[in-house]
Each structure stands twice: as structure tokens, then as C-alpha cells.
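I opened the structure and kept short notes on what I looked up. The entries follow in order.

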Amino acid sequence: MLSFLNIVIVGLLLGGIYGLVSMGLNLIFGVIRIVNFSQGELVMLGMYGAYLSWFFLGLDPYLSSIIVVPLLFLLGVVLQRFILQPLQNEPFMQIFATFGLLMFFQNLVLAITGGTGYSVRSAASSAVITMGEINVSLPRLIVLIAVIVVALGLNWFVTHTMPGKAVRAVTQDRRSARLMGINVELAFMLTFGAGAALAGLAGVMLAPIYTLSPQIGGNFILAAFAVVVLGGLGSVWGAFFGGFIIGLVEAFAGYYFDPALKHAIWFLIFIIVLIVRPGGLFGIAGAEEMGLREQD
Amino acid sequence: MSKIDQQEAGAPAAPGRSSPHVTRLRTELGRIAAIAAVFGAAITFWQGDPFILNIMAYTFLFGALASSWNIIGGFGGQFSLGHGVFFAIGGYTTANLYFHWQISPWLSLIPAMILAMLVAVLVSWPTFRLKGPFFAIATLALNEVALVLANYFDTLTGGPRGMMLPFNAGLANMVFTSRLPYAVLMLGFLIVCLVVGAMVLRSRLGYYLQAVHIDEDAARAAGIDVLRVKLSGMAVSAALTGIGGSLFAMYLRFVDPPTLLSIQDIGVKFLLIALIGGVGTLYGPLAGALLIIPLEFHLRATLGGMLPGANLLILGALLVIFSLFMRRGVVGAGQALWTRYRRTKNE
């Protein structure tokens with residue numbers, strides 16, 4: 001029973017990580033309908049940002065989010081404006097371009113660091129919270145809290161603020177939104193910026209947990225895709241619960257089968273969901289095809 | 001061949017093309033023969049230079065593989081990032097049969113081809129429900145799963161340590177002491193891929209694939225069995241990719257998961273080469289390989305020691321630049337220039 005509870009805790013904590021990494025991807029996908037293959041690399045850049053602020057400014061990784069998150073927001077705005085906006089109605093070229101960005105960022109960091117692994121220390125790094133027989137590492141708990149806050153905040157933003165409502169209007173019908181006086185391009189730039197900023201936030205939060213390597217984005221991107229497809233494309237709560245589902249599946253698969261096979265088990269679930277419910281558990285049926293629908 | 005010519009006469013012109021002119025298969029075969037002659041001459045010219053021969057072998061192999069990818073990815077518009085899987089199936093099949101039972105790689109090309117085709121059809125059945133980017137995600141995931149499985153089932157693959165194939169030189173073993181026969185072998189494979197590509201392009205399947213590419217719903221409304229067309233295109237493409245994997249395994253005489261299943265070095269390389277050359281054109285992937293492979297060798301030789309990953313850094317930047325400014329690749333850009341030139345000349 002205890003081991004079962006332990007696995008559930010491990011799964012939920014892992015789910016928090018996957019959910020946090022998926023939030024930005026899901027936002028970008030849901031609003032702009034661009035599948036950003038380089039999202040994992042934005043998370044990676046966020047992690048290295050945390051490392052740099054720790055190394056040069058002595059900032060605790062969690063504090064460094066005040067620098068890293070705005071910088072990634074800017075990067076996101078620039079990427080959307082100069083690379084993805086010209087490709088708005090070219091879904092195939094978007095695949096090429098975002099994959100090109102993936103290779104570019106990953107190998108840029110590899111070329112600069114020479115492949116040395118770095119790690120970031122936070123005051124919270126080695127702290128462990130003990131509840132009865134169960135030990136929870138503090139950095140992972142912080143990630144779990146962060147994903148809950150981000151999901152609630154994002155949900156509040158899109159339902160209760162004017163810019164959020166504008167973003168939803170753009171999502172539902174670009175042309176009508178434009179007719180209502182919404183600047184669609186600006187909304188897209190801000191959304192991509194926000195998605196990149198969320199990736200940066202995830203990177204900062206994960207920096208104390210993982211050893212930094214240029215390829216680390218690859219660990220997250222597939223999980224994030226699985227979360228997004230499973231939870232429902234473009235749904236905030238979809239990414240939230242999808243993250244926990246994938247996290248729990250991974251924890252149980254790792255315990256009862258073999259940790260080496262966790263990817264294979266995700267993929268199986270991924271494929272089954274795609275066949276049974278292509279729109280995801282929380283998504284609208286047919287959303288998987290929306291990426292190709294021309295809206296302008 | 002005459003059968004295909006008859007089909008061509010009855011088939012409609014390729015849809016969506018600006019010019020109604022369609023090259024006949026016979027003309028296309030003539031062009032491929034000319035390409036073979038030029039490359040054959042290049043091999044003879046540099047026959048004493050193992051460095052150049054190595055680059056040529058890689059160029060022909062990756063030109064062939066990008067052409068195979070192009071059959072489903074370019075003609076059919078299904079952007080698979082998972083062709084590394086079929087490549088690895090070919091490589092591992094040949095490596096295993098040669099390693100354990102000393103079966104000649106020439107013979108094992110057949111099971112390699114069939115297995116790659118079978119797996120392609122089985123995994124594409126569900127994934128072809130997805131369109132565009134989602135198909136790409138699913139095939140990317142497939143490639144990653146194959147990587148996990150290849151590392152895990154080490155009795156079949158040698159696991160992370162890989163399999164070193166014994167050096168028994170001889171034509172029957174497809175193991176040669178010099179690089180010259182390999183360059184010829186890869187050229188032969190390239191020609192096969194180009195001929196198959198030309199035949200597909202001028203066959204009913206090719207027209208159906210292009211119709212599905214341009215508008216899937218319209219193609220379905222016109223009575224095309226879309227899933228069947230995609231699966232057939234995928235089967236042809238995967239079969240050729242499987243053969244490529246076999247040849248690659250025998251060329252390196254070593255297989256391990258990262259060599260066969262690296263997403264950036266294998267799976268995406270096919271797309272990248274096709275994009276740079278011109279997606280969906282018959283000779284685009286070859287043109288892309290002629291540019292990219294020597295460039296990569298050059299970058300690795302000059303920058304590789306100082307900056308690890310510099311070659312992939314530049315390829316990534318090229319992907320972004322080409323997707324922004326040269327969507328139809330060098331072949332497409334060349335065609336556009338040629339049409340403009342002829343138009344100005346006529347005026």
C-alpha cells in the first residue's frame with residue numbers, strides 16, 4: 001500500500017513537471033494553431049538562463065525567473081513576428097521552421113558549452129519534506145504548486161480579462177475577431193511570447209531538478225506532445241490533467257514494467273487516444289484537424 | 001514500361017501545376033540515365049581518392065533516401081518524421097541475418113524491404129488519421145519509441161553497444177576493401193529510387209497522391225480511397241528506405257541505435273534534404289543531397305573539432321531560411337527563374 005501511495009506521489013510530481021512544460025505548447029497551439037517543435041528548446045533556454053543568472057548574479061534559480069521569463073517572452077515575440085507570422089498559412093513550412101529552430105537552439109547551446117553538463121543549486125535544492133513515511137523533494141513540490149498556479153492564472157486570464165477574451169475570440173474565428181477591431185497579429189505575437197515565457201518559467205523551475213544539457217529539451221517535447229494530445233488540444237485544463245495522466249502512467253509503468261520502456265507505453269496510450277478520441281479527453285472533436293484549417 | 005505509358009495517356013495532367021506540360025516517363029528515364037552517366041564519370045574520375053568517394057557514397061545514399069521519403073512526403077504531402085524507423089528496420093534486418101546466419105546482404109535486401117513495408121503500413125494505419133503537424137508529431141514519437149525499443153531489446157539489436165559486422169571482403173558479402181564499389185552501389189540505389197519515383201509520379205498512384213496532397217477532401221469526394229492511396233505511397237517509400245538502411249549497415253559494418261535512429265541525423269535529414277532541393281519534385285531531393293552532404297562533410301571537417309554540433313546548427317538555420325524564403329527549394333527556384341526568363345524572352 002505504501003509503495004502504491006509512493007508511486008502515486010511520484011506520478012503526481014512528475015505530472016506537475018509535464019503539465020508545466022506543456023502549458024506554453026498548448027497555449028501556442030490552441031490560439032495560433034502552430035505546433036511548435038522548438039518548445040522543448042525554449043524550456044532548455046530557460047534552464048540555461050537560470051544557470052547564467054545564478055552563475056553571474058548569484059540569483060537563486062527561482063528568483064531568476066524575473067529575468068528569464070521576460071527575456072523568453074521577447075524571444076517568443078520575435079520568433080512569431082519574423083519567422084512564424086510569414087508562414088501563417090503554410091502548415092508544412094511551420095513544421096520545417098520550428099524543427100529548424102529546435103536544431104538551431106540545441107546545437108547553438110552545444111557549440112557554446114561544448115557539451116559540459118551544468119547544474120544549478122538553489123537553497124531549496126536538497127530540501128525534502130517528510131510526511132509520515134513519504135518523502136517529497138521540495139523543488140518538485142514547487143513545480144507542482146507552480147503548475148496549479150499557472151493553470152488557474154491562465155484560466156482566469158482567458159475568461160476574465162479583455163486581452164484574454166480577445167485571445168479567445170481570435171482562437172474561435174480570426175476573421176470575425178478582426179472585424180471586431182482586434183489586432184490579430186498582435187494577439188498572436190503576445191500569445192507566442194506568453195507561450196515562450198511559460199516555457200522559460202518551466203525551465204527555471206526545472207533547473208534545480210535536472211542536470212542541464214543541450215539535448216534536455218528532447219526529454220520534454222515528446223511528453224508535452226503526449227500531454228497536449230491526451231488532454232485536448234488547446235484546452236488549459238486538458239494540459240493540466242493530461243500532465244498528471246502521463247506522469248502517473250510513467251510512474252506506474254516504471255514501477256510495474258521497466259523504466260526503460262516508459263516511452264513505449266506513452267506512445268501506446270498516445271496512439272490509442274488518437275484512434276479513439278482524436279480531439280483528446282478534454283478537447284473538441286475534430287480539433288486535431290483544425291491546425292490545417294485556413295481561417296483568414 | 002509500355003503499360004505505364006498507356007496509363008499515362010489516359011491519366012489527367014498533374015493538378016495544380018502552372019504549366020499543363022507533363023514530361024513523359026520515357027523522357028524522364030532518359031534524364032535519369034544521363035544523371036547516372038555523369039555520376040559514373042565522376043566516380044571514375046575520383047576513383048583513387050577515398051575521401052571524395054566516401055562523400056559521393058553518402059551523397060548518393062542520402063539523395064536516394066530523400067527521394068524515397070519524397071514519394072510519400074513530397075508527392076503525397078505526408079510529412080513523416082519517422083522514416084528513421086524503416087531505415088533502422090532495414091539496417092537491423094540485414095545486420096542480423098548477416099551476423100547470425102551469414103546470409104548474403106544481397107538476399108536480405110528482400111526481407112528488409114518487406115519488413116519495413118509491413119511495419120510502415122501497420123503504424124501508418126492509425127497515424128494517417130492525423131493531418132499535417134499531428135501526423136508529424138505521431139511519426140516523431142514513433143521514431144523515439146523505436147529508439148527506446150532498439151536500446152531495450154539487445155538480443156536483436158546489440159543494444160546501446162551496437163553490432164559490429166565481421167569483415168569478410170567479397171562481392172557476395174557486400175563487403176569491399178575499397179570505397180569505390182560502395183560508391184557504385186549507392187549510385188545504383190540512387191538510380192533505382194529515381195526510376196521508382198519517376199514511375200510512381202507518372203502512374204495512377206502518383207496522381208492520386210498529388211490529389212490527396214493538394215486537397216484531401218476533394219480527392220475523397222472524387223472517389224479516391226484516400227487511406228489506401230496514402231498507405232500504398234508509404235509502403236513504396238518505406239520499402240526503399242529499408243533497402244537504404246541495409247546498404248548503410250553494410251557500408252559502416254556497424255549498427256547501433258543512434259546511428260540508425262537519430263532524429264536529427266537520420267529522420268529529419270531526409271526531409272531537410274528534400275526541402276533544400278525541392279519537396280515534391282522528382283530531382284529536388286537529389287539536388288538537396290548534392291548541396292547538403294558535401295556541405296556537412298566540409299563543416300564537420302572545418303568546425304567539428306572547435307564547435308561540436310556546428311554542422312547541425314547550420315542545417316537548422318538553413319531549414320528556417322529555406323522554409324521562409326525558398327519553399328520550393330533550389331529546383332523550384334530554378335524553375336521559377338527559367339519560366340521568368342522564357343516569359344521575358346517571348347515578350
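**Contact between the chains**

I began with the interface: chain A puts 38 residues into the contact and chain B puts in 35 residues. This is a predicted model, so every entry here rests on computed coordinates.

Next I asked which elements supply two or more residues to the side of chain A that touches chain B. I found helix 4 (91–113), helix 9 (217–231), helix 11 (262–276) and helix 12 (287–290) of chain A. Helix 4 of chain A gives the most to that side, with 16 residues. I then sorted the residues on this side of chain A by type: 29 are nonpolar, seven polar and two charged.

**Nonpolar core**

I turned to the largest nonpolar core, which holds 216 residues. Which of them touch the most other members? I got B:Phe60, B:Leu61 and B:Leu319. Helix 8 (residues 184–206) of chain A provides the largest share of this core, 15 residues.

Leaving out residues up to four places away in sequence, B:Leu61 touches B:Met186, B:Phe189, B:Gly244, B:Leu247 and B:Phe248.

**A glycine in chain B**

I located B:Gly40 in helix 2 (residues 25–45) of chain B. Why does B:Gly40 count as partly exposed? Because B:Gly40 has 14 C-beta neighbours inside 10 Å, and the partly exposed class lies between 12 or fewer for exposed and 20 or more for buried.

I also checked one distance from B:Gly40. B:Trp69 is 29 residues apart from B:Gly40 along the chain, and their C-alpha atoms are separated by 24 Å.

Terms used
Residues are numbered from 1 along each chain as its sequence is written. Chains are lettered from A and ligands numbered from 1 in the order in which they are written. This is a predicted model: local features need pLDDT of at least 70, side-chain atom pairs count only at pLDDT 80 or more; totals for chains, interfaces and linings use all residues. Two residues are in contact if their C-beta atoms, placed from the backbone, lie within 7 Å. Helices (H or I, at least four residues) and strands (E, at least two) are DSSP runs, numbered from the N terminus. Ala, Val, Leu, Ile, Met, Phe, Trp, Tyr, Cys and Pro count as nonpolar, Asp, Glu, Lys and Arg as charged, and the others, Gly among them, as polar. A nonpolar core is a set of buried Ala, Val, Leu, Ile, Met, Phe, Trp, Tyr and Cys residues joined through C-beta atoms within 7 Å.
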